[in-house]
Amino acid sequence: MIFGRTERGKPPVEPVTLKILVAGGFGVGKTTLVGAVSEIRPLRTEELLTEAGRPVDDTSGVEGKHTTTVAMDFGRITLREDLVLYLFGTPGQERFWFMWDELSEGSLGAVVLADTRRLEDCFAALDYFERRSIPFVVGVNCFEGADRYPVDAVRQALDLDEDVPLMLCDARDRSSVKEVLIEVVQHAMAYGAKRRQSVTS
């Protein structure tokens, strides 16, 4: 870049920045997803799980989990030269849900991560986004050793509307996560256009 212009003589592109939430139950892979795709070192607010939290932190199914997000995870990914996503991972436990309203302010859409071993843990996130008309995509995080189910069976178990995208993904894999994020952006834009159309008609 020379004097604020690219070498090809074009002015630098000012990217559009969009805010995406990453939500889901405790231990479903939200922190892992943000870390897998972020091009900056992710901001994490993790604390060790303690004996004091044992009565409220249900670790069944995620017995190997030793830390938990107490505020948020933050990361950034550039999808194109003119499009940057800011990722905000929400805390999974019920006692931190009061932060969701703050985090969801100004968001374009959300990823709701689901674990087929504990599908009920993502119900609260699904309800939250549905009630607030925030478009979302469900990403089924395919954990090692977990049973695999057809997408239609998971959709039925979650009682999802047909127009809500549902994808299998690996929260550890950058390209898999990137596909989910692209789907969120496309779904949110289509959702917004549909709502605008219904208002004007």
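**Group meeting talk: salt bridges, cores and a helix**

Let's begin with E144, which counts as exposed at 64% relative accessibility; exposed means over 50% relative accessible area, buried means under 20%, and partly exposed is in between, using a 1.4 Å probe and protein chains only. Before I go on, please keep in mind that this is a predicted model, where local features need pLDDT of at least 70, side-chain atom pairs count only at pLDDT 80 or more, and totals for chains, interfaces and linings use all residues. Residues are numbered from 1 along each chain as its sequence is written, and side-chain values use heavy atoms, with hydrogens and water left out.

So, what does E144 meet? Its side chain forms a salt bridge with that of R172, at 2.9 Å from N to O. By salt bridge I mean a side-chain nitrogen of Lys or Arg within 4 Å of a carboxyl oxygen of Asp or Glu. R172 lies in the loop between β7 (166-169) and α5, while E144 lies in the loop between β6 and α4, so this pair ties together parts that are 28 residues apart in sequence. When I say helix or strand, I mean DSSP runs numbered from the N terminus: H or I with at least four residues for helices, E with at least two for strands.

R172 also forms a salt bridge with D170, with the closest N and O atoms 2.9 Å apart. D170 is partly exposed, with a relative accessible area of 22%. Elsewhere, salt bridges that share partners join D115, R117, R118 and D121 into one network. Within that group, R118 and D121 meet at 2.8 Å, N to O. R118 is buried at 7% relative accessible area, whereas D121 is partly exposed at 29%. The count for the model comes to eight salt bridges.

Now, how many disulfides are there? The count comes to zero, where a disulfide is a pair of cysteine sulfur atoms within 2.5 Å.

N141 is buried, with a relative accessible area of 6%. Leaving out residues up to four places away in sequence, N141 touches V28, G29, L113, A114, C169, D170 and A171; contact here means heavy atoms within 4.5 Å.

A nonpolar core is a set of buried Ala, Val, Leu, Ile, Met, Phe, Trp, Tyr and Cys residues joined through side-chain atoms within 4.5 Å. The largest one has 24 residues, and among those touching the most other members are V112, F129 and F136. Helix α3 gives the most to this core, with four residues. V112 is in contact with residues including A23, L126, F129, F136 and V138. Apart from this core lies another, of 23 residues, among them I20, V22, L87 and V185.

V185 brings us to helix α5, whose buried residues include V177, V180, L181, V184, V185 and A188. An α-helix has 3.6 residues a turn, so residues three or four places apart point the same way. Helix α5 spans residues 174-200 and reaches 39 Å from its first C-alpha to its last, close to the 39 Å expected; that expected span is 1.5 Å times one less than the number of residues.
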